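Subject: The structure we talked about

Hi there,

Here is the structure I promised to hand over. Have a look at it first, and then read on for what turned up.

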Amino acid sequence: MSKISIKLAMYFFTVVMIFQIVLLYYIHSNMVEDYAEDALTQLQKHGTNYRDMLAKNYTSSTLASILLVEQGRDRDVIVLDEHKQLVVASDPKLYEHYSLFLSQVQVDHDRLLLTNWKEEPYIMSAHPYAIDGNTGYLIMIQDTASLQEIANKIGTDFKTISITSIFVLFMAYALLSRRITRPILRMKRATESMSQGDFDVKIPSTTDDELGELGHAINGLAKDLAHMKNSRNEFLSAVSHELRTPLTYLIGYSKVAMREDISEEKRKHYLTIIHEESTRMKALVKNLMDLAQLDEHKFTIEKELIAAKPFIEQVAQIVSHSFAEKGVHLTVDCPHNFTFYADPLRLEQIILNLVDNALKYSEPNATVTLSCKQSASQTRIIVKDTGHGISEEDVVHIFDKFYRVEKSRAREFGGSGIGLAIVKELVEAHGGSITVTSELHVGSQFIVTLEEV
Ligand SMILES: Nc1ncnc2c1ncn2[C@@H]1O[C@H](COP(=O)(O)OP(=O)(O)OP(=O)(O)O)[C@@H](O)[C@H]1O
Ligand SMILES: [Mg+2]
């Protein structure tokens, strides 16, 4: 498995190592070169000094004092006469070693003769001096062992630094993998268990960076999914319950209606019930389909300008027959001729649902008022009734799917508790809002507010 922590560590490691190797190599070679250069300069400087002493005062005591000064150092002095023959040497063996090389020295000013300190055992400089019109040479020689030792020591130090930094890098990697990959792995496990249907996940948010935000988002998602799962289950059981009840009636009454031994009058009565129940079921299925479409945002709202007064009057016309049948008065109050900006079919569905409720939950002789108003940049449709009213505890739930106040009297009122849920979704899809005020046994008022164009 290619782990993100390993990939991260590899990138991190490669970049830091390349940078470090280049940097260390640069510092190392610069430091060593500086040391060597310094040694060569010192060698030449001393040679020049001694040569000047000799040029001024070429005596055996000067020669002796030069040898004395250099005694005990890792430098040696060789003085050659005009025939390049040895005059004095601090280390005669050295002269013997280089006698052939020195016999060929031919320089007219101070010069370095051997500088390759990395490979040669000695570095060397030559300093010509004039005596009685002839040229002699003072040769400075330095052992390169100490230089090589310093170079080696710096090399070893830098190796130690490199090894230590590898160790530090690994520590950093371990820390990084804890801080970055652990939360990622935790989130991976959480999403895996979510895809298995377990939404009881909680990712601790320890940081406020992008990872913390991601964890927070996953927690929110788990909560939403759990809620959706719950409401889907509730919805499904409510739907099946709603469908089962009329089906039970249909089966029961059709069985009775098929019996031969009942009167024609009773058969007609049962058939009427079957008709009513199947009509109710058809309405319920239509509502459910509406709701499903609303939930999936599959329906489209096509807003247009609607003349308020004729529109409201036309809707009132549709329901007037049912109102007359039950003996409930319907008053339309839409004085000003302004315009709604809405989808006419959906707006009609909204008003019909509200007016249907007002009628359903009112007794004969009650009054329902359907009015419309325009104020500021808003238009309102108000459905007011003097019916049963809704208690304070119930009123907060009436827009929930399948919520009915008088569950036991569902048969009497014929509702399934979906109407207001659809109304709310439709109003909100228009960008509007719906509010309700109600008092038990006094009446209710539903206000739909829409924005003007
Ligand atoms: N005008 C009203 N007066 C009193 N109670 C009301 C009124 N409107 C709604 N309710 C209560 O709110 C509940 C929910 O209303 P909703 O319209 O969603 O469902 P329904 O009318 O029972 O069924 P349907 O799905 O057929 O509309 C109703 O069952 C009723 O108890
Ligand atoms: Mg209703």
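Two strands are said to pair if DSSP finds at least two bridges between them. Strands (E, at least two residues) and helices (H or I, at least four residues) are themselves DSSP runs, numbered from the N terminus.

Before the details, some housekeeping. This is a predicted model, in which local features need pLDDT of at least 70 and side-chain atom pairs count only at pLDDT 80 or more, while totals for chains, interfaces and linings use all residues. Residues are numbered from 1 along each chain as its sequence is written, chains are lettered from A and ligands numbered from 1 in the order in which they are written, and side-chain values use heavy atoms, with hydrogens and water left out.

Let's begin with the hairpins. Strand 11 (residues 433-439) pairs with strand 12 (residues 443-451) in the antiparallel sense, over seven bridges. Within this pair, Ser-438 sits opposite Ser-444 of strand 12. Three residues lie between the two strands of this hairpin, where His-441 takes a positive phi near 65°.

Strand 1 (residues 75-80) and strand 2 (residues 86-89) also run antiparallel, joined by three bridges. Here Val-79 has Val-88 in strand 2 as its bridge partner. This hairpin has five residues between its strands, and Lys-84 takes a positive phi near 60°.

Next come the salt bridges (a side-chain nitrogen of Lys or Arg within 4 Å of a carboxyl oxygen of Asp or Glu). The structure holds 14 salt bridges. For the burial words used below, buried means under 20% relative accessible area, exposed means over 50%, and partly exposed is in between (1.4 Å probe, protein chains only).

Which residues does Glu-70 form salt bridges with? One partner is Arg-73, with the closest N and O atoms 3.9 Å apart. Another is Arg-75, where the closest N and O atoms are 3.1 Å apart. Glu-70 counts as buried because its relative accessible area is 2%, and Arg-75 is buried as well. Arg-73 has 44% relative accessibility, so Arg-73 counts as partly exposed.

Arg-51 and Asp-52 form a salt bridge too, their closest N and O atoms being 3.0 Å apart. Is Arg-51 buried or exposed? Arg-51 is buried, because its relative accessible area is 14%. Asp-52, at 36%, is partly exposed.

Now for the surface. Patches are made of residues with over 30% relative accessible area and no salt bridge, with like charges joined within 9 Å and nonpolar side chains (Val, Leu, Ile, Met, Phe, Trp, Tyr) within 5 Å. The accessible areas come from the Shrake-Rupley method with a 1.4 Å probe, and for residues only the protein chains shown count as cover.

Phe-19, Leu-23, Tyr-26, Ile-27 and Met-31 make a nonpolar surface patch of about 500 Å². Phe-19 belongs to helix 1 (residues 4-56) and counts as exposed because its relative accessibility is 57%.

Val-285 is partly exposed, at 34% relative accessibility. The C-alpha atoms of Val-285 and Asp-74 are separated by 108 Å, and these residues are 211 residues apart along the chain.

Enjoy exploring!
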